[in-house]
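Hi everyone, thanks for making time this morning. I'd like to walk you through one structure, so let me put it on the screen.

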Amino acid sequence: MKLSTSGMGQPVHEGEKKCLNSELWHACAGPLVCLPTVGSRVVYFPQGHSEQVAATTNKEVDAHIPNYPNLPPQLICQLHNVTMHADVETDEVYAQMTLQPLTPEEQKDRYLPVEFGIPSKQPTNYFCKTLTASDTSTHGGFSVPRRAAEKVFPPLDFSQTPPAQELIARDLHDVEWKFRHIFRGKL
């Protein structure tokens, strides 16, 4: 969940694809996930892709995936587009990439990687919690470790008794959630 200071989102028109928040997507994907940049060269493994599709759709590899006997085991491609997605039902994040195979002549061209020096998009300060129905009810609440509350959340207004604030967070699907952050403990 990403905290929002304004609580205002960009409206999405019907039929228009909305972009996911890159920092939030990377936080959900985890620190070991690194997406290549557009324009970079990548290696595509058709057999591995076929096996992954079969595993995730519970289908046999040969059932719906055509067999290309002349297709090499790996293809050097140029990345043209990366779109980050999140499954609506499971919140599982994944990326869709548009690749173009390079000709043998293009593969011989000198290539300077564009990735050098690009910092990670993995956020450094974030708090993750899978919310349940009781976390969002009006009478309930959920606990946040003090360290996360101090590092990630905006400072509490200690002139109030008890110190509290309203938080607006947006999830992967741009749904807005409102919470009341209350300090319960000793100062």
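Let me begin with a cut-off: a residue is called exposed when its relative accessible area is over 50%, buried when that area is under 20%, and partly exposed in between. Cysteine 34, at 69% relative accessibility, is therefore exposed. Cysteine 28 comes out at 39%, so that one is partly exposed. A disulfide is a covalent bond between the sulfur atoms of two cysteines. How many disulfides are counted here? The count is zero.

Now, please keep in mind that this is a predicted model. The mean pLDDT is 76 for the protein, with 73% of the residues at 70 or more. The stretch to treat with care is residues 1-17, where pLDDT stays under 50. For that stretch the model has 28 contacts beyond four places in sequence.

On to the inside. Which residues make up the largest nonpolar core? There are eight of them: Leu20, Leu24, Trp25, Leu35, Met84, Ala86, Val93 and Leu172. Two elements give two or more residues each to this core, namely helix 1 (22-29) and strand 3 (75-86). If you zoom in on alanine 86, you'll find that it touches Leu20, Val93 and Leu172, along with Glu92, Tyr94 and His173, leaving aside residues up to four places away in sequence. Apart from this core lies another one, of seven residues, including Ala148, Ala149, Phe153 and Ala169.

Let me finish with some backbone details. As background, most residues other than glycine have a negative phi, and most peptide bonds are trans. Where does this model depart from that? Have a look at threonine 161 and proline 162, which are joined by a cis peptide bond with omega at about -10°. Proline 162 sits in the loop between helix 5 (146-151) and strand 5 (164-170).

Then there are two aspartates to visit. Aspartate 91 has a positive phi, near 65°, and belongs to the loop between strand 3 and strand 4 (93-101). Its relative accessible area is 40%, which means it is partly exposed. Aspartate 174 also has a positive phi, of about 65°. You'll find aspartate 174 in the loop between strand 5 and strand 6 (176-182), and its 31% relative accessibility makes it partly exposed.

Notes: Residues numbered from 1 in each chain as written. Predicted model: local features only at pLDDT ≥ 70, side-chain atom pairs only at ≥ 80, totals over all residues. Heavy atoms only, no water. Disulfide = S-S within 2.5 Å. Buried < 20%, exposed > 50% of the residue type's maximum accessible area, 1.4 Å probe, protein only. pLDDT = per-residue confidence, 0-100. Contact = heavy atoms within 4.5 Å. Core = buried A, V, L, I, M, F, W, Y, C linked by side-chain atoms within 4.5 Å. Helix = DSSP H or I, 4+ residues; strand = E, 2+ residues; numbered from the N terminus.
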